[in-house]
Amino acid sequence: MSKRKKRTLSWVLSIILVSAGGYAAFYFTSLYNQVSGLQKVGESSPFRSLPVTETTTVQDPPKWEGSEPVNILLMGVDARGVDEGEIPRSDSMIVASIDPVDKTINLFSIMRDTYTDIPNHGKQRINAAITHGPNTAMQTVSDLLGIPIQYYVYTDFQGFIKLVDAVGGVDFYVEKDMHYVSAADQHLYDIDLKEGQQHLDGTTALQYVRFRHDQLSDFSRTGRQREFLQAIADKLKTSTSIMNLPNILEQVSPYIDTNLSVGDMWKLATVAYDSKMGGSEQIPPASLLVEERVDGAAVLSVSSEEKLKRFIQDTLDASAQAGQTPAAPGGSEPAAEEDGTAGETETERAPVSAVPTPSAAKSEALVAGGGPRQ
């Protein structure tokens, strides 16, 4: 190769390296700026109307070293019809429990009509906890489940729509026709979905996770929410989403509030990328659920708080053990357990919401006898 050609090649390689370095710098700077903007303070905080006291000011979470389990309370609120500055009740509450050692993620969705103690505010439905601030919501859920809640993520319908649209939508199996019409909000949130595999954008995805107008009401809705959350997590792990992460965060940032620091987000994102799904449970589980009426309103109580805490810990322990189970010789899956599910592969397993699990069967029996409010 001539000196001229070598010189030209060197210039080309230099330009490529400089361009790549510039893009990397731009990418990580943009990502940092967007991530740091997720924490809202002052007038931008959705909790700005609360009195500034020790119980309502968002406290700094304990320092996370990246090796112990961490629990994040995900809250979606329905802000329709609320006044400016008013904090709406949570429409959905899901705890994501991440174990960085066993690399497993467990999801616990809490029924919004669960009747429990809210610190300093007496017994109420758990969806009212967030109206007293994120610290109160985290403490309420921590007391109920028996596990520490270190972080929260708060958003509304628009934040959910923006997230799904920002990742390009999700290919998803809708297990049945879903139809509901409401003139109360000018038909903005009507639901009209058909059974089958389809591509859901933000608007249709919101219809899917909100639908509860069937026999199982909120019982089946919480299962659909956990299943769709897993689909979103899988979509975020794709190379396309990773490259587009600054833009995704820019789209959703105005609608999200959290107490996660930038450093903890980096560590959690790394752990979550390498983790697999473990348990996915409804709280209270059907075996511990008691339907009651308080002041004429239907609520859901827990028959034994001690058993509920044990149920949570047993679920986490089983997930950790499954994550540590070595593959059988030759790379085959572990032998099936008595329930016949341990050897299933992900592709062989039907969609969660399409399978009548024992919990769902018990819930259906409960609802048939007079379920929670619609």
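A residue is called buried here when its relative accessible area is under 20%, exposed when that value is over 50%, and partly exposed in between, as computed with a 1.4 Å probe on protein chains only. Asp91, with a relative accessible area of 10%, is therefore buried. The model is predicted, so local features need a pLDDT of at least 70 and side-chain atom pairs count only at pLDDT 80 or more, while totals for chains, interfaces and linings use all residues. Residues are numbered from 1 along each chain as its sequence is written, and side-chain values use heavy atoms, with hydrogens and water left out.

Helices (H or I, at least four residues) and strands (E, at least two) are DSSP runs numbered from the N terminus, and two strands pair if DSSP finds at least two bridges between them. On this basis an open sheet of 6 strands has the order 11-6-1-2-3-12, with mixed pairing. Strand 11 (257-258) and strand 12 (276-283) each have a single partner strand and stand at the edges, so one side of each is left without a neighbour in the sheet. Strand 12 runs parallel to strand 3 (residues 104-110), and 6 bridges join the two; Phe108 has Glu281 in strand 12 as its bridge partner.

Helix 5 (residues 218-236) packs on this sheet and touches strand 1, strand 2, strand 3 and strand 12, its direction making about 160 degrees with that of strand 12. Contact means heavy atoms within 4.5 Å, and the axes are lines fitted to C-alpha atoms, for helices over the stretch in contact, with angles from 0 to 180 degrees between N-to-C directions. Helix 2 (residues 134-145) lies across strand 1 (70-77), strand 2 (90-99), strand 3, strand 6 (151-156) and strand 12, and runs at about 120 degrees to strand 1. Just after helix 2, Gly146 takes a positive phi of about 80 degrees.

Asp91, Arg112 and Arg221 are linked in a network of salt bridges.

A second pair consists of Glu175 and Arg224, whose closest N and O atoms are 3.1 Å apart. Glu175 lies in the loop between strand 7 (170-174) and strand 8 (178-180), whereas Arg224 is in helix 5, 49 residues apart, and both are buried.

Within helix 8, Asp264 and Lys267 are 3 residues apart, about one turn of the helix, and their side chains meet in a salt bridge (3.6 Å, N to O). Asp264 counts as buried at 9% relative accessibility, whereas Lys267 is partly exposed at 32%.

How values were computed. A salt bridge is a side-chain nitrogen of Lys or Arg within 4 Å of a carboxyl oxygen of Asp or Glu.
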